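Visitor: Could you walk me through this one? I would like to go question by question.

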Amino acid sequence: MRILVTGAAGQVGSEVVAELRRRSGEMVKGPGLDVVAAARSELDVSDRDAVLATVTALEPDLVIHPAAWTAVDACEEDPDRAFAVNALGTRHVAEACRLAGAHVAYVSTDYVFDGTATAPYREWDTPNPLSVYGASKLAGERELSPGATIVRTSWVCGRTGPNMVKTVLRLASSTPGALRFVDDQRGSPTVAHDLAAKLVELALARRSGIFHVTNQGETTWFEFARTVLAAAGLDPGRVEPIATMDLDPPRPAPRPKNSVLDNSVLRLSGIELLPEWRDSVAALVVELTR
Ligand SMILES: NC(=O)c1ccc[n+]([C@@H]2O[C@H](COP(=O)([O-])OP(=O)(O)OC[C@H]3O[C@@H](n4cnc5c(N)ncnc54)[C@H](OP(=O)(O)O)[C@@H]3O)[C@@H](O)[C@H]2O)c1
């Protein structure tokens, strides 16, 4: 089985590649999985000719597609680039996979929702993105055939690339005194290798439709920062809560106040959920700080 991974140098893409290689190594029968990891420098998904040529030449059975322009605030300033990569790029991947007969698994986001709900969002709730990034990722979802796997996730942090765990640790070592984090945005932190394991499981099984996949439990960025400091053996009392409207400078992209994703489809299908976010984030902090 040949599997192409887009955005393979990103925090999710790199863990997807690692998970596929791990599974391949564990296979006792057959030739294992032939994993082709394509970073942006090797495959720019906004280039239709390149995507069609690569997929036609490789003839993959499966394409796992986490590639995206994920700079949420920068997307507000350059909507054309956001849509060229996240929406049109996904059209190219979908088109190439239809031609090659390959299954597609796409990674989407909690930012497709406006955050006005008072309960966690189910897969069947109506999206209404507040930001250009969210709108471009939703447009990407809509480029896919009904048979595709769509995994929506939230607040991702992992070993590779910048993320909020690394930001909290960096600020803790570089800033004297109080660290301020917002306590009026709620979500579910998700550790990249937990996400990658479930994404790979769903993609290999060619599960179709939308799946919300996050670590379990919910929090605010304030509580999250306290948890990161405590896991690093630092003083969580340094973290002070602020409101989003008090961020200085204000962020260009609006964020949903509530972006907790109910993992309804996993739950109702009897598929094992990801671990509690506190356990996975604490383990990641230990790994990053040892
Ligand atoms: N991070 C989160 O909190 C979060 C939350 C919900 C959903 N997601 C989704 O999860 C997926 C993975 O995100 P991530 O956190 O792993 O982000 P990431 O670390 O930024 O990874 C995205 C990767 O896509 C690559 N890329 C950008 N433009 C591309 C293009 N035109 N063609 C091919 N590759 C391109 C990037 O390469 P360069 O770095 O070289 O630009 C990067 O390696 C994305 O689809 C994102 O929308 C992320």
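Visitor: Which handedness does the crossing of H8 and H10 have?
Guide: Happy to start there, bearing in mind that this is a predicted model. Helix H8 covers residues 221-231 and helix H10 covers residues 277-289. Where H8 passes H10, the crossing is right-handed.

Visitor: Are H8 and H10 parallel, perpendicular or oblique to each other?
Guide: Their axes lie 9 Å apart, and the helices pack at an angle of about 45°. Angles under 35 degrees would count as roughly parallel, and 65 to 115 as roughly perpendicular. The angle therefore makes H8, relative to H10, oblique.

Visitor: How many nonpolar residues are in the contact of H8 with H10?
Guide: From H8 come Glu 223, Phe 224, Thr 227, Val 228 and Ala 231, while H10 brings Trp 277, Arg 278, Val 281, Ala 282, Val 285 and Val 286. By class, two of the contact residues are charged and one is polar, and the nonpolar ones number eight.

Visitor: Is Asn 215 buried or exposed?
Guide: Asn 215 sits in the loop between strand S10 (209-212) and strand S11 (219-220). Buried means under 20% relative accessible area. Asn 215 has a value of 0%, so this residue is buried.

Visitor: Which side chain has a polar contact of 3.5 Å with that of Asn 215?
Guide: Among the residues that Asn 215 touches are Asp 194, Pro 275, Trp 277 and Ser 280. With Pro 275, the Asn 215 side chain reaches the backbone oxygen, at 2.9 Å. The side-chain partner at 3.5 Å is Ser 280.

Definitions and conventions:
Residues are numbered from 1 along each chain as its sequence is written. This is a predicted model: local features need pLDDT of at least 70, side-chain atom pairs count only at pLDDT 80 or more; totals for chains, interfaces and linings use all residues. Side-chain values use heavy atoms; hydrogens and water are left out. Axes are lines fitted to C-alpha atoms, for helices over the stretch in contact, and angles run from 0 to 180 degrees between N-to-C directions. Helices (H or I, at least four residues) and strands (E, at least two) are DSSP runs, numbered from the N terminus. Angles under 35 degrees count as roughly parallel, over 145 as roughly antiparallel, 65 to 115 as roughly perpendicular and the rest as oblique. A crossing is left-handed if the near helix is turned anticlockwise from the far one by less than a right angle, and right-handed if clockwise. Contact means heavy atoms within 4.5 Å. Ala, Val, Leu, Ile, Met, Phe, Trp, Tyr, Cys and Pro count as nonpolar, Asp, Glu, Lys and Arg as charged, and the others, Gly among them, as polar. Buried means under 20% relative accessible area, exposed over 50%, partly exposed in between (1.4 Å probe, protein chains only). A polar contact is a pair of N or O atoms within 3.5 Å; within protein, one must be able to donate a hydrogen and the other to accept it, and residues adjacent in sequence count only if both atoms are side-chain atoms. Lists of a residue's contacts leave out its neighbours within four places in sequence.
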